[in-house]
Amino acid sequence: MRLPVLLLAFWSSAVLAEPASEGSEWLLRMASASREVSFVGTFMYQRGDFNETTRIAHRSESGQSIDHLETLSGRQREIVRVGQDVTWYMPESKTVRTERQSYRRFFPDLFGPERARTVSQFYEISRAGTDRVAGYDCVNYVLTPKDNFRYRQSICAETKTWLPLRVATVNERQDRLETFAFSQLQLLPKIDPNDLRVRNPDTSGWTQESAAQAADPAFGNWFFRELPAGFAMVSESQRVMPGRPQPVIHKVLSDGMVWVSVFIEPLSNTPAMGRGLSQQGGANAYSRPIGNHHVTVVGLVPVQTLVLIGGALTQRNAAP
Amino acid sequence: MNERLSALMDGELDGLEADLALRSLKQEDARGDWESWHLIGDVLRGDHGCSVAARVSQRLAEEPTVFAPRPLLNQQARSVALSAAASVAAVAVVGYLALTTAGGQTQDRYDVRQVRLAPQAAPVLADYMALHQGEVRNIGMDGYDRLAEAAR
């Protein structure tokens with residue numbers, strides 16, 4: 001279903017040369033943990049009354065990480081990640097999709113160690129007691145945003161290895177918006193190779209999709225004038241969606257910790273959407289027309305972040 | 001001020017929302033903005049009970065320099081509180097009225113109004129959400145996969 005895709009694995013390089021704080025040290029340890037330990041476990045994602053269970057096997061060996069994830073609820077889906085290369089197996093639709101140099105992160109891998117310093121620029125990090133998750137003792141760290149553009153994060157990191165065992169996003173009202181947490185976990189010195197293998201490796205006859213292809217020049221027509229502090233575009237792609245004559249442009253922005261999607265499509269593609277804010281499945285959304293296009297910004301961030309991102313989007317060479 | 005007001009009345013809100021967000025970026029009058037965003041967040045979540053109308057009324061009571069549409073603002077806020085509970089996909093339109101007091105200071109009044117989302121817009125938003133969660137965050141794969149299949 002995917003058309004040309006351009007992956008922009010760039011981040012703002014303007015990281016201030018400030019001395020590493022205690023908070024950024026903590027973040028660095030959490031970010032590095034999943035590169036240093038091996039484990040098998042099951043984690044749950046919960047948001048309102050929606051939840052999903054995933055089994056994960058993770059091996060770290062001589063700096064190389066391999067993950068095998070498999071959904072245990074809903075449709076079956078397997079993911080194998082070797083370093084930055086990700087392969088999705090979707091047996092029900094007989095589709096296998098690959099992506100090299102993926103920007104995506106899967107729990108409990110929060111962000112790359114190179115991002116720890118940047119993330120600590122936008123969050124105040126403090127310790128908040130201890131807890132026990134999936135049979136392991138952990139220390140709770142609260143990431144309080146320094147501005148109004150992101151929500152609070154609460155991370156319980158395993159006492160010895162710093163592996164994040166539970167990550168929760170908490171809004172300004174202290175409601176827990178979503179939670180990733182291990183329900184079962186075994187930190188192991190060695191992983192059984194069978195745990196890392198796909199159940200049915202024979203994908204002959206399956207649809208093969210590649211997520212990384214040449215860029216479409218149309219992408220260049222849209223840019224952001226000014227983004228909320230810390231946010232940068234990490235990927236843009238174009239996709240065909242059901243019932244839409246024209247493809248939809250999908251841009252992804254992140255501050256290293258949270259993710260925001262921007263969808264752009266011609267007005268002729270969809271029914272009149274109008275403008276304004278809405279909420280869907282726990283995330284906020286902001287919609288507005290720009291010229292002959294409709295734009296919707298989606299993410300688990302405060303509404304003003306979405307409004308600002310939507311307001312900053314500009315079409316180059318647009319007719320006045 | 002009149003230009004802003006008429007723009008609001010005419011539904012020409014382009015730029016105003018961005019202004020609002022930019023002002024909170026610059027941290028000017030940060031507290032007032034922050035409260036307004038809270039209010040908007042509450043409306044969207046639909047978990048405000050009667051607190052929105054109450055809080056709007058309270059804010060108006062605390063600030064005696066009030067522009068003429070005060071009752072209107074109050075009434076609208078109340079209708080938001082009532083209808084948001086019954087509407088899953090509600091859209092709140094945000095605008096602001098800039099008021100200049102006799103002392104030359106600018107004060108802002110926020111207007112949280114609700115527009116029913118067009119019934120056909122809800123599935124479009126649901127598609128976006130499925131793409132965002134599935135594509136970017138690897139969550140809610142059922143919805144994402146069905147969307148992918150339908151597009152083939």
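**Figure 1. Overview of chain B.** Of the 152 residues of chain B, 37% count as buried, where buried means that 20 or more other C-beta atoms, placed from the backbone, lie within 10 Å of the residue's own, exposed means 12 or fewer, and partly exposed is in between. This is a predicted model, in which local features need pLDDT of at least 70 and side-chain atom pairs count only at pLDDT 80 or more, while totals for chains, interfaces and linings use all residues. Residues are numbered from 1 along each chain as its sequence is written, and chains are lettered from A and ligands numbered from 1 in the order in which they are written. Chain B has 7 helices and 2 strands, arranged along the sequence as α-α-α-α-α-β-β-α-α; helices (H or I, at least four residues) and strands (E, at least two) are DSSP runs numbered from the N terminus. Among contacts in chain B between residues at least 6 apart in sequence, 50% join residues at least 24 apart, a contact being two residues whose C-beta atoms, placed from the backbone, lie within 7 Å.

**Figure 2. Confidence in the two chains.** The mean pLDDT (the predictor's confidence in each residue, from 0 to 100) is 49 for chain B, with 20% of its residues at 70 or more. For chain A the mean is 85, and 89% of residues reach 70 or more. Residues 1-18 of chain A have pLDDT below 50, and this stretch has 43 contacts in the model beyond near neighbours in sequence. In chain B, pLDDT stays under 50 over residues 1-16, with 16 contacts beyond four places in sequence. Where pLDDT is low, the predicted coordinates should not be read in detail. For the complex, the predictor gives an ipTM of 0.85 and a pTM of 0.76.

**Figure 3. Helix 6 of chain B.** Helix 6 of chain B has 17 residues and spans 23 Å from first to last C-alpha, close to the expected 24 Å, which is 1.5 Å times one less than its number of residues. Of these 17 residues, 14 are buried, and the helix is mostly covered.

Figure 4. Strand 11 (residues 164-170) of chain A is largely enclosed by the rest of the structure, because 5 of its 7 residues are buried. Strand 10 (residues 152-158) of chain A runs antiparallel to strand 11 of chain A and is joined to it by 6 bridges; two strands pair if DSSP finds at least two bridges between them. R152(A) has V170(A) as its bridge partner in strand 11 of chain A. The hairpin of strands 10 and 11 of chain A has 5 residues between the strands, and W162(A) takes a positive phi near 70° there. Strands 11 and 12 of chain A are also antiparallel, with 5 bridges, and T169(A) is partnered by E178(A) in strand 12 of chain A. Their hairpin likewise has 5 residues between the strands, with Q174(A) in the turn at a positive phi of about 70°.

**Figure 5. Contact between the domains of chain A.** An automatic or database domain assignment gives domain 1 (14-196) and domain 2 (215-315) of chain A. 19 residues of domain 1 of chain A are in contact with 16 residues of domain 2 of chain A. On the domain 1 side, helix 2 (116-122) and strand 12 (176-188) of chain A each give two or more residues.
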